[in-house]
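Hello,

Here is the structure I said I would pass on. Have a look at it first, then read the notes below.

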Amino acid sequence: MATMKGLAMLGFDKIGWIEKEVPEVGPNDALCRPLAISPCTSDVHTVWEHAIGDRHDLILGHEASAEVVEVGSLVKDFKPGDRVIIPAITPDWEAVESQAGFSQHSYGMLNGWKFSNSKDGTFAEYFHVNQADGNLAHLPDEISAADAVMLSDMVPTGFHGANLAEVAYGETVVVIGIGPVGLMAVAGTVLRGAGRVYAVGSRKRCQEVALAYGATDLVNYKDGDIVEQVKEAQHGKPVDKVILAGGGLETFDQAVRMVRPGGIVANINYLGTGEYIQIPRVEWGLGMGHIRIVGGLMPGGRKNMEYLAQVLVNKRLDVGRLLTHRFSRFEDLEEGLLLMKDKPRDLIKPVIELTS
Ligand code: NAD
Ligand code: ZN
């Protein structure tokens, strides 16, 4: 049996390189070899915040672009040698939850999230993709392997935030948290036609990129209460939508205080710690304000990935601005993941583009 190397969660707070058997491919599945990989803040929640419980020798990672190495006998549209986009979320498409439009939760809450959760992830020399025809998408030649990794998770998650918020032409939207996910929420919000976009963050590099993606106003949460800052800039007028992509549980309270009756608070943040979310009773219209609070895991799926790829191919979005730290060796993954944990101020996203 052939073996492969991977960067794994060994247990709470511990990562390390391990050797595992190369996964076997079922009739509908594919085996892939990464072309480029990126660590995610979610990997940090998993290992160092214990967000999904203990895992032993679980290979981390859910962001990659790849080359198909092997396909099962029933796979129709992919063959060895194809360059592909790998969505972080790879649902079971026959599940009733998928049929109901919530493939992220196929066969149970969050079960569409398999890589680095219920099975080995993409931080390996090879990884397994279930239901290849439904979960993979062909990677257009115009998109580099490094840029394509942003299609795994950052673009679909940020854009999901804009979709959940149902951003419409001319609306005023606040995006709280402008790491890579929030920055993609800014970009998605602008693409959906928002008028005014407040980006809430403290790091200079992220602020610059937020402006480049079309944010109109910057708010620094280190300069005082963000509700007051937004209210002042708005001359007291509430905003239409708030997207949560960073910060803690307090952001829900802040968002409800800013948003108009009938507005939407859309969370895409992974809440790694804490017990309950508090909603301010009066600002929530005493329970009658029609302010919707929603939260969602990004959708995967071939169709979604093909559409998002078109946004890049046609130059509606330059994801290269997110890639602040570039590496070229598989072994550099460890440094990339630790960067994601420590978040130096000039970091947005590390990417490891494998050259051999
Ligand atoms: P990140 O840590 O790089 O960005 C979050 C930013 O929020 C940081 O820059 C941080 O300094 C800032 N922040 C902290 N406190 C704040 C506050 N009070 N107000 C405003 N900003 C504050 O993380 P990321 O990689 O951009 O990911 C954002 C979140 O999205 C993470 O929790 C990640 O796990 C999650 N995520 C969710 C999905 C999904 O499908 N919903 C997918 C991928 C990632
Ligand atoms: Zn992620």
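This is a predicted model: local features need pLDDT of at least 70, side-chain atom pairs count only at pLDDT 80 or more; totals for chains, interfaces and linings use all residues.

Start with the ligand. In total, 24 residues surround ligand 1. The closest are T41, H45, N269, M298 and K343. By class, ten residues of the shell are nonpolar, ten are polar and four are charged.

Now the polar contacts. The backbone of V181 places an N or O atom 3.0 Å from an oxygen atom of ligand 1. R203 uses its side chain: a polar atom there lies 3.1 Å from an oxygen atom of the ligand. At I268, a polar backbone atom is 3.0 Å from a nitrogen atom of ligand 1.

How much of ligand 1 does the protein bury? Taken alone, the ligand exposes 860 Å², and the protein buries 86% of that. Two elements give two or more residues to the shell: α1 (41–48) and α6 (180–191). Helix α1 gives the most, with three residues.

Then look at the sheet. Six strands form an open sheet with parallel pairing. Their order is β11-β10-β9-β12-β13-β14. The edge strands, β11 (217–219) and β14 (292–295), each pair on one side only. From one strand to the next, the twist averages 20 degrees.

One pairing to find: β10 (residues 196–200) runs parallel to β11, joined by three bridges. A199 stands opposite L218 in β11.

Best wishes

Note on methods: Residues are numbered from 1 along each chain as its sequence is written. Chains are lettered from A and ligands numbered from 1 in the order in which they are written. Side-chain values use heavy atoms; hydrogens and water are left out. A residue is near a molecule or strand if one of its heavy atoms lies within 4 Å of it. A polar contact is a pair of N or O atoms within 3.5 Å; within protein, one must be able to donate a hydrogen and the other to accept it, and residues adjacent in sequence count only if both atoms are side-chain atoms. Accessible areas come from the Shrake-Rupley method with a 1.4 Å probe; for residues, only the protein chains shown count as cover. Helices (H or I, at least four residues) and strands (E, at least two) are DSSP runs, numbered from the N terminus. Ala, Val, Leu, Ile, Met, Phe, Trp, Tyr, Cys and Pro count as nonpolar, Asp, Glu, Lys and Arg as charged, and the others, Gly among them, as polar. Two strands pair if DSSP finds at least two bridges between them. Axes are lines fitted to C-alpha atoms, for helices over the stretch in contact, and angles run from 0 to 180 degrees between N-to-C directions.
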